[in-house]
Amino acid sequence: DTVTVTVGLGERAYDILIGKGLIAGAGARIAARLPGARAAIVTDENVAARHLAPLQASLRAAGIDSTTVTLAPGERSKGFETLEQTVDALLGARLERRDAVIALGGGVVGDLAGFAAGIVRRGMQFVQVPTSLLAQVDSSVGGKTGINTPRGKNLVGVFHQPRLVLADTGVLDTLPEREFRAGYAEVAKYGLIDQPDFFAWLEANWREVFSGGPARTQAIARSCRAKAEIVERDEREAGERALLNLGHTFGHALEAATGYDSARLVHGEAVAIGMAMAHRFSARMNLASPDDAERVEAHLRAVGLPTRLEQVPGALPGAAALLSYIAQDKKVSRGSLTFILTRGIGRAFIARDVPASQVLAFLEECR
Ligand code: NAD
Ligand code: ZN
(Lines give C-alpha, C1' and ligand atoms only; values in the text may rest on other atoms or scores of the structure.)
(Ligands and ions follow the chains in the order given, each with its own letter.)
Protein backbone atom coordinates (compact mmCIF):
# COMPACT_ATOMS: atom_id res chain seq x y z
CA ASP A 1 0.00 0.00 0.00
CA THR A 2 2.55 2.53 -1.22
CA VAL A 3 1.21 5.94 -2.22
CA THR A 4 3.06 8.10 -4.76
CA VAL A 5 2.91 11.89 -4.75
CA THR A 6 4.57 13.59 -7.70
CA VAL A 7 6.08 17.02 -7.24
CA GLY A 8 5.49 18.59 -10.66
CA LEU A 9 8.47 20.81 -11.35
CA GLY A 10 8.86 20.30 -15.10
CA GLU A 11 11.96 18.33 -16.00
CA ARG A 12 12.95 18.29 -12.32
CA ALA A 13 9.71 16.56 -11.30
CA TYR A 14 10.18 13.81 -8.74
CA ASP A 15 8.20 11.23 -6.83
CA ILE A 16 7.61 10.99 -3.11
CA LEU A 17 6.84 7.38 -2.20
CA ILE A 18 5.05 6.83 1.10
CA GLY A 19 4.50 3.43 2.69
CA LYS A 20 5.52 0.92 5.30
CA GLY A 21 8.82 -0.91 4.76
CA LEU A 22 10.09 1.16 1.82
CA ILE A 23 13.69 1.13 3.08
CA ALA A 24 14.00 -2.58 2.31
CA GLY A 25 13.49 -1.85 -1.40
CA ALA A 26 15.25 1.52 -1.48
CA GLY A 27 18.32 0.24 -3.35
CA ALA A 28 16.30 -1.07 -6.29
CA ARG A 29 14.25 2.12 -6.56
CA ILE A 30 17.38 4.31 -6.45
CA ALA A 31 19.18 2.11 -9.00
CA ALA A 32 16.17 2.37 -11.34
CA ARG A 33 16.25 6.17 -11.23
CA LEU A 34 20.00 6.69 -11.10
CA PRO A 35 21.53 3.81 -13.06
CA GLY A 36 25.20 3.24 -12.32
CA ALA A 37 25.30 5.74 -9.46
CA ARG A 38 27.37 5.21 -6.34
CA ALA A 39 26.13 6.65 -3.07
CA ALA A 40 26.95 8.30 0.23
CA ILE A 41 24.47 7.93 3.07
CA VAL A 42 24.36 10.87 5.49
CA THR A 43 22.66 10.05 8.78
CA ASP A 44 22.81 10.73 12.53
CA GLU A 45 23.70 8.41 15.41
CA ASN A 46 20.12 7.90 16.61
CA VAL A 47 18.84 6.96 13.19
CA ALA A 48 21.93 4.92 12.28
CA ALA A 49 21.46 2.69 15.33
CA ARG A 50 17.95 1.78 14.19
CA HIS A 51 17.65 2.09 10.42
CA LEU A 52 21.04 2.26 8.72
CA ALA A 53 21.79 -1.46 8.31
CA PRO A 54 18.63 -2.21 6.28
CA LEU A 55 19.34 0.72 3.95
CA GLN A 56 22.96 -0.36 3.45
CA ALA A 57 21.83 -3.92 2.78
CA SER A 58 19.29 -2.83 0.20
CA LEU A 59 21.87 -0.68 -1.61
CA ARG A 60 24.30 -3.62 -1.62
CA ALA A 61 21.61 -5.93 -2.98
CA ALA A 62 20.98 -3.47 -5.81
CA GLY A 63 24.69 -3.31 -6.62
CA ILE A 64 25.13 0.24 -5.31
CA ASP A 65 28.48 0.87 -3.72
CA SER A 66 28.05 3.16 -0.69
CA THR A 67 29.90 4.97 2.04
CA THR A 68 28.31 6.42 5.21
CA VAL A 69 28.73 9.71 7.11
CA THR A 70 27.24 9.61 10.63
CA LEU A 71 26.66 12.92 12.44
CA ALA A 72 25.91 13.68 16.07
CA PRO A 73 22.14 14.08 16.46
CA GLY A 74 20.58 17.51 16.95
CA GLU A 75 20.34 20.98 15.51
CA ARG A 76 24.00 21.75 16.33
CA SER A 77 25.02 19.44 13.52
CA LYS A 78 23.45 21.83 11.02
CA GLY A 79 26.45 24.15 10.75
CA PHE A 80 29.60 24.92 8.80
CA GLU A 81 31.74 22.44 10.71
CA THR A 82 29.62 19.38 9.88
CA LEU A 83 29.07 20.70 6.36
CA GLU A 84 32.83 20.74 5.87
CA GLN A 85 33.16 17.20 7.24
CA THR A 86 30.37 15.97 4.97
CA VAL A 87 31.76 17.67 1.88
CA ASP A 88 35.16 16.19 2.66
CA ALA A 89 33.68 12.70 2.98
CA LEU A 90 31.90 13.01 -0.39
CA LEU A 91 35.06 14.20 -2.12
CA GLY A 92 37.21 11.67 -0.25
CA ALA A 93 35.01 8.85 -1.57
CA ARG A 94 35.59 10.29 -5.07
CA LEU A 95 31.91 10.68 -5.76
CA GLU A 96 30.91 12.42 -8.99
CA ARG A 97 28.03 14.67 -9.93
CA ARG A 98 26.01 11.67 -11.16
CA ASP A 99 26.37 9.90 -7.79
CA ALA A 100 23.81 10.15 -5.02
CA VAL A 101 23.83 11.72 -1.59
CA ILE A 102 21.19 9.87 0.43
CA ALA A 103 19.85 11.68 3.51
CA LEU A 104 18.66 9.12 6.09
CA GLY A 105 17.26 11.04 9.04
CA GLY A 106 15.19 13.95 10.22
CA GLY A 107 15.18 17.51 8.96
CA VAL A 108 18.64 18.25 10.32
CA VAL A 109 20.24 15.50 8.25
CA GLY A 110 18.07 16.31 5.22
CA ASP A 111 18.88 20.02 5.23
CA LEU A 112 22.61 19.46 5.72
CA ALA A 113 22.97 16.56 3.28
CA GLY A 114 20.86 18.36 0.68
CA PHE A 115 23.04 21.44 0.95
CA ALA A 116 26.21 19.37 0.60
CA ALA A 117 24.68 17.63 -2.44
CA GLY A 118 23.74 21.02 -3.88
CA ILE A 119 27.22 22.49 -3.71
CA VAL A 120 29.65 19.58 -4.18
CA ARG A 121 30.71 19.49 -7.84
CA ARG A 122 28.01 22.14 -8.43
CA GLY A 123 25.23 19.75 -7.65
CA MET A 124 25.14 16.00 -7.04
CA GLN A 125 22.10 13.75 -7.19
CA PHE A 126 20.11 13.85 -3.98
CA VAL A 127 17.75 11.28 -2.44
CA GLN A 128 15.78 11.83 0.75
CA VAL A 129 14.89 8.99 3.12
CA PRO A 130 13.18 11.07 5.84
CA THR A 131 12.77 9.32 9.19
CA SER A 132 10.96 11.87 11.38
CA LEU A 133 7.33 12.82 10.81
CA LEU A 134 8.39 16.44 10.34
CA ALA A 135 10.88 15.42 7.67
CA GLN A 136 8.34 13.17 5.90
CA VAL A 137 5.64 15.85 5.66
CA ASP A 138 7.68 19.03 5.49
CA SER A 139 11.46 19.31 5.23
CA SER A 140 11.98 16.59 2.59
CA VAL A 141 9.43 18.22 0.28
CA GLY A 142 10.19 21.37 -1.68
CA GLY A 143 13.94 21.55 -2.13
CA LYS A 144 15.01 23.98 0.57
CA THR A 145 18.37 22.94 2.01
CA GLY A 146 20.83 24.69 4.26
CA ILE A 147 22.53 25.27 7.57
CA ASN A 148 22.39 27.61 10.56
CA THR A 149 24.98 30.24 11.46
CA PRO A 150 25.53 31.99 14.79
CA ARG A 151 23.45 34.84 13.31
CA GLY A 152 20.37 32.72 12.85
CA LYS A 153 18.70 29.55 11.59
CA ASN A 154 18.66 28.49 7.93
CA LEU A 155 20.51 31.59 6.75
CA VAL A 156 22.88 29.80 4.37
CA GLY A 157 21.65 27.34 1.79
CA VAL A 158 20.44 26.58 -1.71
CA PHE A 159 17.33 25.29 -3.41
CA HIS A 160 18.21 21.76 -4.50
CA GLN A 161 15.41 19.36 -5.34
CA PRO A 162 15.84 15.63 -4.66
CA ARG A 163 15.46 13.02 -7.40
CA LEU A 164 13.40 10.78 -5.16
CA VAL A 165 11.91 10.80 -1.65
CA LEU A 166 11.26 7.52 0.16
CA ALA A 167 9.10 8.04 3.25
CA ASP A 168 9.03 4.71 5.10
CA THR A 169 6.17 5.13 7.57
CA GLY A 170 7.33 2.14 9.61
CA VAL A 171 10.46 3.93 10.84
CA LEU A 172 8.24 6.39 12.69
CA ASP A 173 7.55 3.64 15.24
CA THR A 174 10.98 4.33 16.77
CA LEU A 175 10.54 8.11 16.82
CA PRO A 176 10.08 9.52 20.34
CA GLU A 177 6.40 10.35 20.98
CA ARG A 178 7.17 14.02 21.56
CA GLU A 179 8.90 14.30 18.16
CA PHE A 180 5.97 12.57 16.47
CA ARG A 181 3.49 14.96 18.06
CA ALA A 182 5.62 17.95 17.06
CA GLY A 183 5.65 16.76 13.45
CA TYR A 184 1.89 16.39 13.62
CA ALA A 185 1.58 20.15 14.11
CA GLU A 186 2.81 20.59 10.53
CA VAL A 187 0.30 17.96 9.32
CA ALA A 188 -2.54 19.91 10.91
CA LYS A 189 -1.06 23.08 9.39
CA TYR A 190 -1.83 21.90 5.84
CA GLY A 191 -5.49 21.45 6.75
CA LEU A 192 -5.57 24.89 8.28
CA ILE A 193 -3.91 26.59 5.28
CA ASP A 194 -6.26 25.55 2.50
CA GLN A 195 -7.68 22.04 3.06
CA PRO A 196 -10.61 22.29 5.49
CA ASP A 197 -11.79 18.77 4.57
CA PHE A 198 -8.36 17.40 5.53
CA PHE A 199 -8.56 19.17 8.89
CA ALA A 200 -12.00 17.63 9.52
CA TRP A 201 -10.59 14.23 8.49
CA LEU A 202 -7.74 14.66 10.99
CA GLU A 203 -10.21 15.51 13.76
CA ALA A 204 -11.86 12.15 13.08
CA ASN A 205 -8.77 10.02 12.33
CA TRP A 206 -5.81 11.40 14.30
CA ARG A 207 -5.70 8.44 16.68
CA GLU A 208 -4.93 6.07 13.84
CA VAL A 209 -2.35 8.51 12.46
CA PHE A 210 -0.58 8.25 15.82
CA SER A 211 -0.99 4.49 16.22
CA GLY A 212 0.35 3.71 12.75
CA GLY A 213 -2.57 2.31 10.79
CA PRO A 214 -3.33 3.11 7.12
CA ALA A 215 -4.48 6.58 8.20
CA ARG A 216 -0.84 7.41 8.94
CA THR A 217 0.17 6.80 5.31
CA GLN A 218 -2.86 8.76 4.11
CA ALA A 219 -2.10 11.72 6.37
CA ILE A 220 1.52 11.86 5.23
CA ALA A 221 0.56 11.56 1.56
CA ARG A 222 -2.11 14.22 1.90
CA SER A 223 0.42 16.53 3.62
CA CYS A 224 3.07 15.98 0.94
CA ARG A 225 0.52 16.68 -1.78
CA ALA A 226 -0.61 19.87 -0.01
CA LYS A 227 2.96 21.13 0.28
CA ALA A 228 3.83 20.01 -3.28
CA GLU A 229 0.92 22.01 -4.69
CA ILE A 230 2.11 25.17 -3.00
CA VAL A 231 5.76 24.55 -4.01
CA GLU A 232 4.75 23.87 -7.62
CA ARG A 233 3.05 27.27 -7.79
CA ASP A 234 5.86 29.16 -6.02
CA GLU A 235 9.10 27.16 -5.81
CA ARG A 236 11.31 30.08 -4.69
CA GLU A 237 8.92 31.75 -2.24
CA ALA A 238 8.13 34.86 -4.25
CA GLY A 239 4.67 34.89 -2.70
CA GLU A 240 2.27 32.11 -1.95
CA ARG A 241 4.84 29.70 -0.48
CA ALA A 242 4.84 31.99 2.57
CA LEU A 243 1.48 30.41 3.51
CA LEU A 244 3.55 27.47 4.80
CA ASN A 245 4.62 29.84 7.59
CA LEU A 246 1.17 29.69 9.20
CA GLY A 247 1.82 29.65 12.95
CA HIS A 248 5.53 30.25 12.39
CA THR A 249 5.72 33.99 13.06
CA PHE A 250 4.50 33.58 16.63
CA GLY A 251 6.24 30.17 16.77
CA HIS A 252 9.68 31.45 15.78
CA ALA A 253 9.38 34.24 18.35
CA LEU A 254 8.69 31.65 21.04
CA GLU A 255 11.60 29.48 19.93
CA ALA A 256 13.90 32.50 20.06
CA ALA A 257 12.48 33.63 23.42
CA THR A 258 13.19 30.18 24.90
CA GLY A 259 16.73 30.18 23.54
CA TYR A 260 15.99 27.29 21.12
CA ASP A 261 16.07 25.04 24.19
CA SER A 262 14.38 21.82 23.07
CA ALA A 263 13.83 20.83 26.69
CA ARG A 264 11.38 23.74 26.86
CA LEU A 265 9.95 23.85 23.37
CA VAL A 266 10.56 21.94 20.14
CA HIS A 267 9.71 23.53 16.79
CA GLY A 268 6.39 21.77 16.27
CA GLU A 269 5.20 22.70 19.76
CA ALA A 270 6.06 26.34 19.06
CA VAL A 271 4.16 26.08 15.76
CA ALA A 272 1.13 24.57 17.53
CA ILE A 273 0.99 27.50 19.94
CA GLY A 274 1.65 29.84 17.00
CA MET A 275 -1.21 28.37 14.94
CA ALA A 276 -3.63 28.63 17.84
CA MET A 277 -2.51 32.24 18.36
CA ALA A 278 -2.82 33.08 14.64
CA HIS A 279 -6.43 31.86 14.71
CA ARG A 280 -7.25 33.71 17.92
CA PHE A 281 -5.59 36.86 16.57
CA SER A 282 -7.59 36.55 13.33
CA ALA A 283 -10.77 36.23 15.37
CA ARG A 284 -9.78 39.25 17.42
CA MET A 285 -9.34 41.23 14.18
CA ASN A 286 -12.85 40.10 13.13
CA LEU A 287 -11.45 38.16 10.20
CA ALA A 288 -12.44 34.71 11.43
CA SER A 289 -15.05 33.35 13.78
CA PRO A 290 -14.03 32.63 17.38
CA ASP A 291 -15.64 29.19 16.93
CA ASP A 292 -13.01 28.28 14.34
CA ALA A 293 -10.24 29.44 16.66
CA GLU A 294 -11.76 27.31 19.40
CA ARG A 295 -12.00 24.28 17.08
CA VAL A 296 -8.31 24.57 16.13
CA GLU A 297 -7.29 24.83 19.75
CA ALA A 298 -9.49 21.89 20.76
CA HIS A 299 -7.91 19.61 18.15
CA LEU A 300 -4.32 20.55 18.97
CA ARG A 301 -5.10 20.07 22.67
CA ALA A 302 -6.69 16.66 21.96
CA VAL A 303 -3.48 15.34 20.38
CA GLY A 304 -1.44 16.67 23.30
CA LEU A 305 0.10 19.76 21.71
CA PRO A 306 0.38 23.04 23.63
CA THR A 307 -1.76 25.97 22.45
CA ARG A 308 -1.14 28.68 25.06
CA LEU A 309 1.84 30.75 26.21
CA GLU A 310 1.36 29.62 29.81
CA GLN A 311 2.11 26.04 28.73
CA VAL A 312 5.70 26.96 27.87
CA PRO A 313 7.83 25.78 30.79
CA GLY A 314 9.87 28.49 32.54
CA ALA A 315 9.50 32.25 32.36
CA LEU A 316 8.74 34.00 29.07
CA PRO A 317 9.60 37.65 28.37
CA GLY A 318 6.80 40.22 28.35
CA ALA A 319 4.60 41.18 25.40
CA ALA A 320 6.88 43.99 24.20
CA ALA A 321 9.91 41.70 24.20
CA LEU A 322 7.97 39.01 22.33
CA LEU A 323 6.97 41.60 19.74
CA SER A 324 10.63 42.51 19.26
CA TYR A 325 11.39 38.84 18.54
CA ILE A 326 8.61 38.90 15.95
CA ALA A 327 9.97 42.12 14.47
CA GLN A 328 13.40 40.50 14.10
CA ASP A 329 11.87 37.60 12.24
CA LYS A 330 12.63 37.74 8.53
CA LYS A 331 9.00 38.17 7.50
CA VAL A 332 9.08 41.84 8.49
CA SER A 333 9.55 44.44 5.81
CA ARG A 334 9.86 48.19 6.30
CA GLY A 335 8.42 48.36 9.80
CA SER A 336 5.13 46.66 8.97
CA LEU A 337 4.49 43.10 10.09
CA THR A 338 3.60 40.38 7.64
CA PHE A 339 1.54 37.59 9.15
CA ILE A 340 -0.25 34.55 7.89
CA LEU A 341 -3.78 35.18 9.13
CA THR A 342 -6.99 33.36 8.35
CA ARG A 343 -10.64 33.87 7.48
CA GLY A 344 -11.43 30.49 9.04
CA ILE A 345 -10.31 26.87 8.95
CA GLY A 346 -8.58 26.19 5.64
CA ARG A 347 -8.72 29.85 4.60
CA ALA A 348 -5.28 31.24 5.46
CA PHE A 349 -3.93 34.28 3.64
CA ILE A 350 -0.85 36.50 3.65
CA ALA A 351 -1.62 39.70 5.57
CA ARG A 352 0.82 42.52 4.92
CA ASP A 353 0.95 45.71 7.00
CA VAL A 354 -0.50 44.26 10.18
CA PRO A 355 -0.23 47.09 12.74
CA ALA A 356 2.32 46.29 15.42
CA SER A 357 0.04 47.96 17.99
CA GLN A 358 -2.65 45.31 17.35
CA VAL A 359 -0.11 42.53 17.75
CA LEU A 360 1.16 44.03 20.98
CA ALA A 361 -2.35 44.38 22.39
CA PHE A 362 -3.07 40.76 21.48
CA LEU A 363 0.17 39.53 23.09
CA GLU A 364 -0.74 41.39 26.27
CA GLU A 365 -4.09 39.58 26.35
CA CYS A 366 -2.35 36.24 25.81
CA ARG A 367 -0.26 36.60 28.93
P1 NAD B 1 15.93 16.18 13.74
O2 NAD B 1 16.47 15.89 12.41
O3 NAD B 1 16.84 16.75 14.75
O4 NAD B 1 15.23 14.88 14.32
C5 NAD B 1 14.63 14.92 15.58
C6 NAD B 1 15.21 13.85 16.50
O7 NAD B 1 14.66 12.59 16.16
C8 NAD B 1 16.72 13.70 16.39
O9 NAD B 1 17.23 13.41 17.65
C10 NAD B 1 16.88 12.47 15.50
O11 NAD B 1 18.08 11.79 15.73
C12 NAD B 1 15.69 11.64 15.90
N13 NAD B 1 15.14 10.73 14.92
C14 NAD B 1 14.83 11.00 13.63
N15 NAD B 1 14.23 9.95 13.06
C16 NAD B 1 14.15 8.98 14.02
C17 NAD B 1 13.60 7.68 14.06
N18 NAD B 1 12.95 7.16 13.00
N19 NAD B 1 13.72 6.97 15.21
C20 NAD B 1 14.32 7.52 16.29
N21 NAD B 1 14.83 8.75 16.33
C22 NAD B 1 14.74 9.48 15.20
O23 NAD B 1 14.69 17.22 13.65
P24 NAD B 1 13.41 17.27 12.70
O25 NAD B 1 12.32 17.72 13.58
O26 NAD B 1 13.25 16.04 11.91
O27 NAD B 1 13.81 18.43 11.70
C28 NAD B 1 14.06 19.75 12.17
C29 NAD B 1 14.92 20.46 11.16
O30 NAD B 1 14.23 20.53 9.92
C31 NAD B 1 15.25 21.89 11.55
O32 NAD B 1 16.62 22.11 11.36
C33 NAD B 1 14.44 22.72 10.57
O34 NAD B 1 15.07 23.95 10.25
C35 NAD B 1 14.40 21.82 9.37
N36 NAD B 1 13.28 22.08 8.46
C37 NAD B 1 13.56 22.24 7.14
C38 NAD B 1 12.54 22.47 6.23
C39 NAD B 1 12.84 22.58 4.77
O40 NAD B 1 11.95 22.94 3.99
N41 NAD B 1 14.05 22.25 4.35
C42 NAD B 1 11.21 22.53 6.67
C43 NAD B 1 10.97 22.37 8.03
C44 NAD B 1 12.00 22.14 8.91
ZN1 ZN C 1 7.73 24.34 10.67
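This is a walk through the structure above, stop by stop, with something to select at each one.

Before you start, bear in mind that the model is predicted: local features need pLDDT of at least 70 and side-chain atom pairs count only at pLDDT 80 or more, while totals for chains, interfaces and linings use all residues. Residues are numbered from 1 along each chain as its sequence is written, and chains are lettered from A and ligands numbered from 1 in the order in which they are written.

**Stop 1: the ligand**

Select ligand 1 and the 28 residues around it. A residue belongs to this shell if its C-beta atom, placed from the backbone, lies within 6 Å of the ligand. Asn-46, Gly-106, Gly-107, Ser-132 and Ser-139 come nearest.

Which elements each supply at least two residues of the shell? They are α2 (45-61), α4 (107-119), α5 (133-139) and β8 (152-156). The labels follow DSSP runs numbered from the N terminus, with helices (H or I) of at least four residues and strands (E) of at least two.

**Stop 2: what the record marks**

UniProt positions are given in the numbering used here, feature names are shortened, and annotations may be inferred rather than shown by experiment.

Zoom in on Val-108, in helix α4. Is Val-108 buried or exposed? It counts as buried because it has 24 C-beta neighbours inside 10 Å. The cut-offs are 20 or more other C-beta atoms within 10 Å for buried, 12 or fewer for exposed, and anything in between for partly exposed, with C-beta atoms placed from the backbone. Leaving out residues up to four places away in sequence, Val-108 touches Asp-44, Gly-74, Glu-75, Ser-77 and Lys-78. Contact means C-beta atoms, placed from the backbone, within 7 Å.

Next, jump to Ser-132, in the loop between β6 and α5. Ser-132 is buried too, since 27 other C-beta atoms lie within 10 Å. With residues up to four places away set aside, its contacts are Gly-106, Gly-107, Leu-175, Glu-179 and Gly-183.

**Stop 3: along α2**

Select 45-61 and check the length of α2. Its 17 residues should span 24 Å at 1.5 Å a residue, and the end C-alpha atoms, 23 Å apart, agree with that. The expected span is 1.5 Å times one less than the number of residues.

Where does α2 bend? Look at His-51, where the bend is about 60°, with a proline, Pro-54, following within four residues. That angle is taken between axes fitted to the seven residues ending there and the seven starting there.

Now show the side chains of Asn-46, Val-47, Ala-48, His-51, Leu-55, Gln-56, Ser-58 and Leu-59, which are buried. The buried residues of α2 pack against α1 (26-33), β3 (39-44), β4 (66-71), β5 (100-105) and β6 (125-130). Just past the helix, stop at Gly-63, which takes a positive phi of about 80°.

**Stop 4**

Asn-154, in strand β8, has a positive phi of about 55° although it is not a glycine. Asn-154 is partly exposed because its C-beta neighbours inside 10 Å number 14.

Glu-237 also has a positive phi of about 55° without being a glycine. Find Glu-237 in the loop between α8 (214-233) and α9 (248-257).

**Stop 5: the annotated domain and a loop**

Select residues 69-181, where UniProt (unreviewed entry) places "domain: 3-dehydroquinate synthase N-terminal". The span is 34% helix and 25% strand, and its end C-alpha atoms lie 28 Å apart. Inside this selection, pick Arg-76, in the loop between β4 and α3 (80-92). Arg-76 is exposed, with 12 other C-beta atoms within 10 Å. Draw a C-alpha distance from Arg-76 to Asn-148: the two are 72 residues apart in sequence and 8.4 Å apart in space.

Finish at Gly-346, in the loop between β11 (336-342) and β12 (348-354). Its contacts beyond four places in sequence are Gly-191, Leu-192, Asp-194, Gln-195, Pro-196 and Phe-199.

Key:
Contact = placed C-beta atoms within 7 Å.
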